[in-house]
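Open the model in your viewer and keep the sequence panel beside it. The tour goes from one selection to the next and says what is there.

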Amino acid sequence: MKTNYWIVENNVDSDKSCPQIVEASQFLKDDEVIAFPTETVYGLGANAKSDAAVDKIFSAKGRPSDNPLIVHISNKEQLAELVEEIPPAAETFMEKFWPGALTIIFKKKEGVLSERVTAGLDTVAIRMPDHQVALALIEAADLPIAAPSANVSGRPSPTTAQHVIKDLAGKISGVINGGETGVGVESTVVDCTSEVPVILRPGGVTKEQLEEVSGPVQVDPSLKKGEGAPKSPGMKYTHYAPDAPLVLLDGSVDWIQSLIDEKRQEGLKVGMLTTEENKDSFQAEHILFCGSRSDLGTVAHSLYDVLRSFNESDVDIIFSETFPQEGVGMAIMNRLQKAAGYQLLKEK
Ligand code: TXA
Ligand code: MG
């Protein structure tokens with residue numbers, strides 16, 4: 001399949017009449033799939049009302065069909081067609097965080113969206129992305145757009161068009177290159193169908209930010225231990241993993257270095273995922289740092305790119321620092337734990 005490629009300048013080509021957007025949106029109208037930038041990660045979009053279009057997302061990604069997709073909209077008026085009701089908590093969150101990195105779970109209206117989008121659930125996940133190109137594309141298509149992250153299932157999500165091309169060239173109808181994404185981790189998924197809102201996936205909007213506007217918010221307990229059946233179907237799959245095994249290390253620089261030394265003595269090539277603060281403190285075959293511990297937003301921003309970069313080295317094992325579970329740290333640790341298959345060692 002030919003994969004078309006469009007370059008857009010985010011603050012210039014941000015109108016639904018811009019030629020690249022018009023061309024790309026025609027593919028969506030024709031039930032083809034297109035990758036596009038959002039403020040979190042690149043999405044792989046398709047007409048959420050069409051079984052044929054949504055099937056193409058699942059086959060391009062190799063995604064299990066029981067994992068439902070997020071529906072992207074460009075204005076709140078589109079909601080009325082898609083959901084049964086808008087609970088007060090959802091109203092508050094939309095007011096404060098849309099457009100933005102927050103996906104809200106609603107009771108769905110039957111018979112509107114492709115059943116494949118919601119994987120047989122009676123709820124639907126909806127988000128309005130805070131990215132001018134994404135909004136213009138959805139508006140030009142004049143459709144609700146189902147869009148998971150535009151990676152092959154299991155790999156780290158794409159934060160550049162190059163990541164998308166590496167995973168999906170030849171398998172999709174096109175990629176809109178709008179440069180690097182900002183947030184770097186996916187949206188927060190919050191279930192507003194229960195009395196107290198529940199975070200099913202931590203992401204760009206933090207628990208603290210949600211609580212500030214709505215009062216207490218719960219966190220799906222299965223996220224904490226990585227045990228039990230998560231309410232968000234996607235959270236049960238191995239995800240975000242680089243090729244080499246990853247182990248998280250919670251301890252001092254000296255302790256981490258002693259574990260690196262042990263592996264090197266066994267003849268293994270060791271990769272170390274660290275931060276600006278510690279990048280000169282380790283000796284290993286391949287040292288990559290993602291952002292600064294003093295601003296976890298910078299860690300989220302480059303986390304997936306760094307995880308992907310380890311695949312360009314020949315390391316046998318990767319060690320990573322851990323992060324405090326506050327603010328966006330909760331999303332960072334969630335992704336790292338999944339990438340590591342929950343292998344975490346603590347210094348005694
Ligand atoms: O930032 C993002 O959210 C990106 C960009 C492209 O918008 N999209 C994204 O989609 O991360 P995806 O498909 O990779 O993740 C969707 C998550 C999965 O964990 C899925 O299980 C959950 O949302 N989800 C979707 N519909 C749901 C529903 N009805 N109930 C519970 N969880 C749902
Ligand atoms: Mg994903």
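A residue is called buried when its relative accessible area is under 20%, exposed when that area is over 50%, and partly exposed in between. Keep in mind that this is a predicted model.

**Stop 1: a pair with Arg264**

Select Arg264 and Glu285, whose side chains meet in a salt bridge of 3.0 Å from N to O. Arg264 belongs to helix H10 (residues 253–265), while Glu285 sits in the loop between strand S13 (270–274) and strand S14 (286–289), so the bridge ties together parts 21 residues apart in sequence. Are these two residues buried, exposed or partly exposed? Arg264 has a relative accessibility of 32%, which lies between the two cut-offs, and therefore counts as partly exposed. Glu285, at 38%, is partly exposed as well.

Side chains of opposite charge can pair when their charged atoms come close.

**Stop 2: other salt bridges**

How many salt bridges does a search of the whole structure find? The search gives 17. One of them joins Arg308 and Asp167, with 3.0 Å between the closest N and O atoms. Arg308 is in helix H11 (residues 296–309) and Asp167 in helix H7 (residues 161–168), so this pair ties together parts that are 141 residues apart in sequence. Arg308 is buried at 9% relative accessibility, and Asp167 is buried at 5%.

Next select Arg335 and Glu186, another salt bridge, where the closest N and O atoms are 3.0 Å apart. Arg335 lies in helix H12 and Glu186 in the loop between strand S8 (174–177) and strand S9 (188–191), so parts 149 residues apart in sequence are tied together. Both residues of this pair, Arg335 and Glu186, are buried.

**Stop 3: a negative patch**

Select Glu84, Glu85, Glu110 and Asp122, which form a negative surface patch. Asp122 is found in the loop between helix H5 (115–118) and strand S6 (123–127). The relative accessible area of Asp122 is 49%, so Asp122 is partly exposed.

**Stop 4**

Most residues other than glycine have a negative phi, and most peptide bonds are trans. Which peptide bond here is cis? Go to Trp98 and Pro99: the bond from Trp98 to Pro99 is cis, with omega near -5°. Pro99 is in the loop between helix H4 (88–97) and strand S5 (102–107).

Now select Asp142, which is not a glycine but has a positive phi of about 55°. Asp142 lies in the loop between helix H6 (132–141) and strand S7 (145–146) and is exposed, with a relative accessible area of 65%. Tyr342 also has a positive phi, near 65°. Look for Tyr342 in the loop between helix H12 (329–339) and strand S16 (344–346); at 33% relative accessibility, Tyr342 is partly exposed.

**Stop 5: what the record lists**

An unreviewed UniProt entry lists residues 18–205 as "domain: YrdC-like". Select that span: 31% is helix and 19% is strand, and the end C-alpha atoms lie 30 Å apart.

The unreviewed UniProt entry also places the feature "binding site" at Arg63, Asn67, Thr123, Ser149, Ser157, Arg201 and Tyr240. These positions span 178 residues of sequence and are spread in space too, with up to 25.4 Å between C-alpha atoms. End on Arg201, in strand S10 (residues 198–201). Arg201 is buried, with 13% relative accessibility.

Terms used. Residues numbered from 1 in each chain as written. Chains lettered and ligands numbered in written order. Predicted model: local features only at pLDDT ≥ 70, side-chain atom pairs only at ≥ 80, totals over all residues. Heavy atoms only, no water. Patch = residues over 30% accessible without salt bridge, like charges linked within 9 Å, V, L, I, M, F, W, Y side chains within 5 Å. Areas by Shrake-Rupley, 256 points an atom, 1.4 Å probe, with all protein chains shown as cover. Salt bridge = Lys/Arg side-chain N within 4 Å of Asp/Glu carboxyl O. Lys, Arg positive; Asp, Glu negative; His and termini not counted. Charge placed at Lys NZ, Arg CZ, Asp CG, Glu CD. Helix = DSSP H or I, 4+ residues; strand = E, 2+ residues; numbered from the N terminus. Buried < 20%, exposed > 50% of the residue type's maximum accessible area, 1.4 Å probe, protein only. UniProt positions renumbered as here; feature names shortened; annotations may be inferred.
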